[in-house]
Amino acid sequence: MTTGIAITAAVAALAALTIVALRLRGAIRQSKADAHAWKLRIEQDLLQAREERNRLLDALGDAFMLVDSSGSIRFTNSAARELFGERDLTDRPVRETLLETRLSKALFQCLETGESVQAKVVLPQQTSPRGDHENRGINAWILDAARLPSSPDGDPLTRVILRDVTAEHQIDQIRKDFVANASHELRTPMAIINGYLENLLDDNMVDDPAVARRFLSVMRKHSDRISRIVEDMLVISRLESGEANSLKIEPFKFRSCITDVLERLESVIRSQSATIVVEMPDPTLILQGDRFYWTQVLFNLVENALKQNPHPGLRVEIGCTSTGGQLDIWVADDGIGIPSADLPHIFRRFYRVEKHHSQREIKGTGLGLSIVKRAVEAHGGNIGVSSTPGRETRFLIRVPMEQKLTGDHAA
Ligand code: ATP
Ligand code: MG
């Protein structure tokens with residue numbers, strides 16, 4: 001009887017144990033499945049986070065790289081890949097990628113010392129990271145490298161940003177050149193005025209009225225030149241300020257603008273026996289723009305043609321037609337022309353063609369065409385020039401049709 005009870009108890013215990021074991025196995029299987037699902041979720045989240053990071057870094061305009069302590073590239077964004085010719089740079093030594101030593105020097109300094117580095121490097125075109133694709137002459141880069149605070153595998157990573165600052169560098173350069181050129185242009189007439197003043201006062205020439213008068217008239221000529229330069233510089237700076245109110249846009253008859261210019265230049269035209277031809281199929285054409293600047297534009301172009309060709313018999317054509325959504329305005333002459341080497345520089349401030357013209361004989365500051373260009377651009381247009389010396393020099397302005405109004409609102 002006791003044995004029977006013992007056996008029953010043992011069987012019950014065994015059954016209980018089996019149930020527990022089965023439950024345990026079920027629980028283990030469940031937790032394994034759970035762990036697998038978690039792992040999958042975490043892997044998926046990681047992948048998503050990495051893709052999101054890459055998307056963000058690819059959206060950066062600057063080239064971005066992660067470099068490990070041995071100098072191997074671990075990550076590049078799309079701007080960096082584009083910069084280095086769409087090559088896959090992962091695991092490549094950064095030394096092979098940044099061949100320009102002035103750029104790599106700054107980076108290696110950061111890799112070695114762990115200290116952040118920011119360096120601006122100005123490179124000639126052929127040594128630019130963009131290499132052959134570069135066609136902007138010199139170019140400027142900022143290399144910004146800093147060690148990241150921590151990395152997953154303990155190997156310190158350095159983030160490198162390579163920023164193309166060529167446009168800013170060029171603007172800076174233009175500003176510096178402008179100040180240098182303007183000072184130079186102003187210094188000459190000022191030195192001449194000072195010289196005459198010294199003569200008048202220190203050498204007592206003021207007592208001779210004839211000499212004093214001659215000196216004063218020379219001084220006036222040079223002070224007029226200073227005023228003209230300052231006036232032109234103010235016009236340029238007003239146009240460049242980009243202020244919406246720097247232009248007074250209103251409708252005006254373009255023909256009246258031509259008439260004004262020809263009236264102002266009448267005595268020169270007559271004295272040079274120049275022929276002026278106006279090609280304007282629609283003489284009632286109305287332009288929407290700042291009449292003051294359009295008069296300046298035409299005046300400088302026609303004055304240039306006359307000034308550069310003082311010989312008699314010059315033919316100057318002023319034309320204006322509207323075609324397919326745009327307005328073409330041109331001034332052409334059959335004079336001495338502009339050598340092809342000078343053509344790309346002709347709209348630069350203070351640029352004057354040295355070759356064919358004696359600078360002493362033909363007056364000018366070289367600011368006229370840069371004002372013309374800025375005035376045309378301020379009206380949403382552009383200007384170009386072509387020249388076959390001795391045959392035809394043609395300045396062609398293209399302005400979008402919105403600048404043109406057809407109606408009775410002309411000033
Ligand atoms: P400014 O207009 O400031 O009085 P400028 O006439 O010398 O001086 P720009 O109008 O800017 O200056 O012209 C620059 C240079 O371009 C001139 O000095 C001249 O050498 C050249 N140039 C311009 N137009 C002509 C032209 N029609 N024919 C020949 N050379 C020209
Ligand atoms: Mg001029």
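In this predicted model, a polar backbone atom of Leu367 lies 3.0 Å from an oxygen atom of ligand 1, a polar contact being a pair of N or O atoms within 3.5 Å. Taken alone, ligand 1 exposes 600 Å², of which the protein buries 99%; accessible areas come from the Shrake-Rupley method with a 1.4 Å probe. Local features need pLDDT of at least 70 and side-chain atom pairs count only at pLDDT 80 or more, whereas totals for chains, interfaces and linings use all residues. Residues are numbered from 1 along each chain as its sequence is written, chains are lettered from A and ligands numbered from 1 in the order in which they are written, and side-chain values use heavy atoms, with hydrogens and water left out.

**Contacts and shell of ligand 1**

- The side chain of Asn304 places a polar atom 2.8 Å from an oxygen atom of ligand 1.
- The side chain of Arg228 has an N or O atom 3.0 Å from an oxygen atom of ligand 1.
- Ligand 1 is surrounded by 21 residues, each with a heavy atom within 4 Å of the molecule; the closest are Asn304, Lys307, Thr365, Gly366 and Leu369.
- Eight residues of this shell are nonpolar, nine polar and four charged (Ala, Val, Leu, Ile, Met, Phe, Trp, Tyr, Cys and Pro count as nonpolar, Asp, Glu, Lys and Arg as charged, and the others, Gly among them, as polar).
- Helix 9 makes the greatest contribution to the shell around ligand 1, with five residues (helices are DSSP runs of H or I with at least four residues, strands are runs of E with at least two, and both are numbered from the N terminus).

**The largest cavity**

- Ligand 1 sits in the largest cavity, in the sense that more than half of its atoms lie within 2 Å of the grid points.
- A cavity is a set of points, on a 1 Å grid over the protein atoms alone, where a 1.4 Å probe fits but cannot get out; lining residues have an atom within 4 Å of a point.
- The search of the whole structure finds one cavity of 30 Å³ or more.
- The volume of the largest cavity is about 430 Å³, taken as the space filled by probe spheres set on the points, which are joined across faces, edges and corners.
- Among its 29 lining residues, Asn304, Lys307, Gln308, Ile346 and Leu369 lie nearest the centre of the largest cavity.
- Helix 9 gives the most to this lining, with seven residues.
- The lining comprises eleven nonpolar, twelve polar and six charged residues.

**The second largest pocket**

- The second largest pocket has a volume of about 510 Å³; a pocket is an open set with protein on both sides within 12 Å along at least five of seven lines.
- It is lined by 15 residues, with Ile174, Phe347, Arg348, Arg349 and Arg374 closest to its centre.
- Helix 5 supplies the largest share of the lining of this pocket, five residues.

Key: A polar contact is a pair of N or O atoms within 3.5 Å; within protein, one must be able to donate a hydrogen and the other to accept it, and residues adjacent in sequence count only if both atoms are side-chain atoms.
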